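Subject: Structure handover

Hi,

Here is the structure I promised to pass on to you. Please have a look at it first, and then read my notes below.

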Amino acid sequence: MVRSSDDAEMGKLTTEIKEKLEASGAKVELGFSFSGWEASPDSPLLQEAKEVRPEIQENRHHVGLEPGTLQRQLGGNADLVSIGPKIENVHSQAERVSVDSVKTWYEFLRKYVEKIAQKSVKAAD
């Protein structure tokens, strides 16, 4: 599986790898791939998240994750943010998550959803 934040580059690399493998006699079948996703520093959702938790850092190259798939399914113009706990050694047998960071992100998410809900109620009035 090839992963990238840039769909065009991912397509080029996939084709290159496929052609090289086939040239060596391998049979190659391409399956599902995740869409790339690049966070927008101008995202209104990100700005609101920073109001709740100012120390949020922007990870502008979160590749092959759910936001890319959602973005593709929603026509490419949805405002999305990706948040989560601290994870080490991702996709390995040594993968682990910081329990303290799960609690921190849970509390953040609770406050963040509350803020968005309050904003929606005010807009409806």
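Which residues make up the largest nonpolar core? Before I answer, two remarks on how to read the notes. This is a predicted model, so local features need pLDDT of at least 70 and side-chain atom pairs count only at pLDDT 80 or more, while totals for chains, interfaces and linings use all residues. Residues are numbered from 1 along each chain as its sequence is written, and side-chain values use heavy atoms, with hydrogens and water left out.

Now the core. Its six residues are L46, A49, I56, W105, F108 and Y112. By a nonpolar core I mean a set of buried Ala, Val, Leu, Ile, Met, Phe, Trp, Tyr and Cys residues joined through side-chain atoms within 4.5 Å; buried is under 20% relative accessible area, exposed is over 50%, and partly exposed lies in between (1.4 Å probe, protein chains only). Helix 2 and helix 4 (99–124) each supply at least two residues of this core, and helix 4 gives the largest share, three residues. Helices here are DSSP runs (H or I, at least four residues), numbered from the N terminus.

W105 also has contacts beyond its neighbours within four places in sequence: R53, I56, I83, G84 and P85. Contact means heavy atoms within 4.5 Å. R53, one of these partners, is buried at 17% relative accessibility and forms a salt bridge with E55, with the closest N and O atoms 3.0 Å apart.

That brings me to the charged pairs. The structure holds 10 salt bridges, each being a side-chain nitrogen of Lys or Arg within 4 Å of a carboxyl oxygen of Asp or Glu.

- E9 and K12 pair at 3.4 Å, N to O. They sit three residues apart in helix 1 (residues 7–23), which separates them by about one helical turn. E9 is partly exposed at 42%, whereas K12 is exposed at 54%.
- E22 and K18 pair at 2.9 Å, N to O, and are four residues apart, about one turn of the helix. Both count as partly exposed, E22 at 35% and K18 at 26%.

Elsewhere, K86, E88 and R96 are linked in a network of salt bridges.

Finally, V28 lies in the loop between helix 1 and helix 2 (44–52). Not counting residues up to four places away in sequence, V28 touches K18, L21 and E22. Its C-alpha atom is separated by 48 Å from that of A117, 89 residues apart along the chain.
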